[in-house]
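These are my notebook entries on a single protein chain. I set down what I looked up, entry by entry.

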Amino acid sequence: MSSSLIHAAKTLRPLNCLEVAGFGRYALIFLNQPTKVDILKRLWKKAVFRASVDGATNQIFLDAEIQNLVPDLVSGDFDSISTDVLQHCRDIGCKVVTTEDQNETDFTKCLRLVSQQLQECNNKVDYIVALGGLGGRLDHTLASVNTLYKAAKLSSAQVYLIGEESLALLLTPGKYIIEANTGFEADWCGLVPVGQPCLNVTTTGLKWNLTNQKLEFGSLISTSNTYADDQRIVTVETDQPLLWTMGIKMTLL
């Protein structure tokens, strides 16, 4: 890896949030999708700000294993949250915000609110984790990915999307060093040009690297890739927004 790339690149450690001794401050957004209790509890414990979206709040207060988790913010159009749970949130002092605009998803609206709350409280975070946005209905997954594209206008923090057994994040144009060596990473990873072609993508550290490669749907996309060696340090340089996705070993949680 060249020293010029190291100095110019942004370093990301996507699964740092799962490490017991992980560094960095993050906010957690819990989305409305069935989620394994173990990963929710682990992420909840270390988050400095916690928000739940609409029906996700049902799981927090109705699941006997996690009834002691209290969100800082509950938001949504409230078409899927239990009436009793919503009232309970108000009774115990959660900040409850109704977001009725149907032109945006509850995830997008919650991300905006979380960013505003963090700014108002001068509560700085290094990244935001959204749990539950991958898997299940394909249209919901695509809507979550679309929110990643909107995120740059809503928050200065990197947003990581975690669901089932994978993670996704959006790489805006630039150079990146991705550390995939926390021990929680599965073997597969990928680079997907969602929305528009990427005309010039170069990587190192992958089994099938790209060199000044064009990625676009209908032609080449880099799915089912893997890491070149056990160091699992990947560099990516892209000229257009590019989705990075990677597997998670949920069995370790």
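The entries below cover a strand, a helix and several salt bridges.

**Basis.** I worked from a predicted model, in which local features need pLDDT of at least 70 and side-chain atom pairs count only at pLDDT 80 or more, while totals for chains, interfaces and linings use all residues. Residues are numbered from 1 along each chain as its sequence is written, and side-chain values use heavy atoms, with hydrogens and water left out.

**Entry 1: strand S2.** I took helices (H or I, at least four residues) and strands (E, at least two) as DSSP runs, numbered from the N terminus. I called a residue buried under 20% relative accessible area, exposed over 50% and partly exposed in between (1.4 Å probe, protein chains only). Five of the five residues of S2 are buried. Tyr26, Leu28 and Phe30 point one way from the strand, and Ala27 and Ile29 point the other way.

I then looked up the neighbours of S2, counting two strands as paired if DSSP finds at least two bridges between them. S2 runs parallel to S6 (residues 127–131), with five bridges; alanine 27 has isoleucine 128 as its bridge partner there. Four bridges pair S2 with S3 (residues 49–53), also in the parallel sense, and leucine 28 is partnered by arginine 50.

**Entry 2: helix H4.** Which residues of H4 (residues 83–91) are buried? I found Val85, Leu86 and Cys89. They lie on the same side of H4, because they cover an arc of only 100 degrees around the axis (taken from the directions from the helix axis to the C-beta atoms). An α-helix has 3.6 residues a turn, so residues three or four places apart point the same way. The face turned away from the buried side carries the exposed residues Thr83, Asp84 and Asp91. Just after H4, I noted glycine 93 with a positive phi of about 95 degrees.

**Entry 3: salt bridges.** My rule was a side-chain nitrogen of Lys or Arg within 4 Å of a carboxyl oxygen of Asp or Glu. The count comes to seven. In one of them, arginine 13 meets glutamate 179 at 3.1 Å, N to O. Arginine 13 lies in the loop between S1 (10–12) and S2 (26–30) and glutamate 179 in S9 (residues 174–179), so this pair ties together parts 166 residues apart in sequence. Arginine 13 is buried, at 17% relative accessible area. I also recorded a network of salt bridges linking Arg13, Glu19 and Glu179.

Elsewhere, glutamate 104 bridges to arginine 112 at 2.8 Å, and arginine 112 is partly exposed at 28%. Aspartate 139 and arginine 137 meet at 2.5 Å; aspartate 139 is partly exposed at 40%.
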